[in-house]
Amino acid sequence: MPLVISALAALVLAPAALRALSAGGFERENYRRVSLPFPAGFLIVAAAAGGLVPLTLLHELSGLEVLAPQVGAVTLYVLGVAFLGLVDDVFSGQSRGWRGHATLVAGGGFSTGALKAVGSLGFALLALAGRYEDKLHYLIAVLVLVLATNAFNLLDVRPGRSTKVFVLLGVGLTLGTLDAGPLGTLGLFVAPALVLGAYDMRERAMLGDTGSNLIGALAGLWLVLSLGTTGQLVALVLLAAVTAYGEYRPLSALIERNPLLSRLDSLGRPDA
């Protein structure tokens, strides 16, 4: 039910809200220098918040279990990283990478990227607190959350890319584990993320760091909710490799050199 309600909220909210962003001058040029409403990622949060009104009332007043027990921890992390992404969208227009942000902070400057890194870690530590008896497993899960959030931020330099990778990840985890439970737990945010991701892919809006951070948070949570210790450790190694590669070389160049990846990457875009 959260999937349906929040999807409907996003479908109703998005057209008018995107027009309002453009009318208010909240736009940014994408890689093709097309000016688009920005940052549209905040609408994912808005749609989920709107969906919580009927869902929470139904959950509390009817006795129906329409909200998953872990939805509170999920919401904490998702809203936290979305806020940090919004701060980055508003106050920083330049991508520096972790090394660049560290250099800026070391020189006495203020870095929204460093704020995102530290803040994401803090929210991840709190969101997963008390979930694991094994403290090493706890730390692995926390790092998966933080690195997944950053990895999807690195991916989001072409329309729809982060959403496509998220869909493939979600489908792979669901089929691989034969468990749709995580989708139900994350559904409140997954549905509007897909709706706004479609606008992003068709170059009708830009998600910004607000949206890419949020999608990365959902991806990390899906990994943590679906996988055991070994699976999370494998995910951690892969995410660390993507992060390290992205610090030194653009992921877009790697994708464009591979014909299959390039075709999947461009699928659905107006310029494809």
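L178 is placed in the loop between α7 and α8, the elements being DSSP runs numbered from the N terminus, with helices (H or I) of at least four residues and strands (E) of at least two. The structure is a predicted model, for which local features need pLDDT of at least 70 and side-chain atom pairs count only at pLDDT 80 or more, while totals for chains, interfaces and linings use all residues. Residues are numbered from 1 along each chain as its sequence is written, and side-chain values use heavy atoms, with hydrogens and water left out.

The phi angle of L178 is near 55 degrees, a positive value in a residue other than glycine. With a relative accessibility of 76%, L178 counts as exposed; the classes are buried for under 20% relative accessible area, exposed for over 50%, and partly exposed in between, with a 1.4 Å probe and protein chains only. Most residues other than glycine have a negative phi, and most peptide bonds are trans. A positive phi, near 60 degrees, is also found for E203, a residue of the loop between α8 and α9. E203 is buried, at a relative accessible area of 9%. A cis peptide bond, with omega about -5 degrees, joins F38 and P39. P39 belongs to the loop between β2 and α2 (42–62).

Twelve helices and two strands make up the secondary structure of the chain. Their order from the N terminus is α-β-β-α-α-α-α-α-α-α-α-α-α-α. The radius of gyration is 18 Å, close to the 19 Å that the globule rule gives for 272 residues, so the chain is as compact as a globular protein of that length. The radius is taken over C-alpha atoms, and the rule is 2.2 Å times the number of residues to the power 0.38. Along its principal axes, the C-alpha trace spans about 50 × 45 × 45 Å. Of the 272 residues in the chain, 46% are buried. Among contacts (heavy atoms within 4.5 Å) between residues at least 6 apart in sequence, 78% join residues at least 24 apart. The accessible surface comes to about 13000 Å², and 68% of that surface belongs to carbon and sulfur atoms; areas come from the Shrake-Rupley method with a 1.4 Å probe, and for residues only the protein chains shown count as cover.

The chain carries 18 positive and 17 negative side chains, with the centres of the two sets 8 Å apart. Lys and Arg count as positive and Asp and Glu as negative, whereas His and the chain ends are not counted; the place of a charge is NZ of Lys, CZ of Arg, CG of Asp or CD of Glu. Side chains of opposite charge can pair when their charged atoms come close. The structure holds seven salt bridges, each defined as a side-chain nitrogen of Lys or Arg within 4 Å of a carboxyl oxygen of Asp or Glu.

One of these bridges pairs R33 with E29, the closest N and O atoms being 3.3 Å apart. R33 is exposed at 63% relative accessibility, whereas E29 is partly exposed at 39%. R32 forms a salt bridge with E203, with 3.0 Å between the closest N and O atoms. R32 lies in the loop between β1 (27–29) and β2 (35–37) and E203 in the loop between α8 (181–201) and α9 (208–226), so the pair ties together parts that are 171 residues apart in sequence. R32 is partly exposed, with a relative accessible area of 38%. A further bridge joins E256 and R158 (3.9 Å, N to O). This pair links distant parts of the chain, with E256 in helix α11 (residues 251–257) and R158 in the loop between α6 (135–155) and α7 (161–177), 98 residues apart. E256 is partly exposed at 47% relative accessible area. D88, K116 and D209 are linked in a network of salt bridges.

D156, in the loop between α6 and α7, is buried yet has no salt bridge; R161, the nearest side chain of opposite charge, is 7.8 Å away. Not counting residues up to four places away in sequence, D156 touches S162, D200, G208 and S212.

A17 is found in helix α1 (residues 2–23) and is buried, with a relative accessible area of 14%. L125 lies in helix α5 (residues 112–127) and is partly exposed at 32% relative accessibility. Leaving aside neighbours within four places in sequence, L125 is in contact with Y138 and V142.
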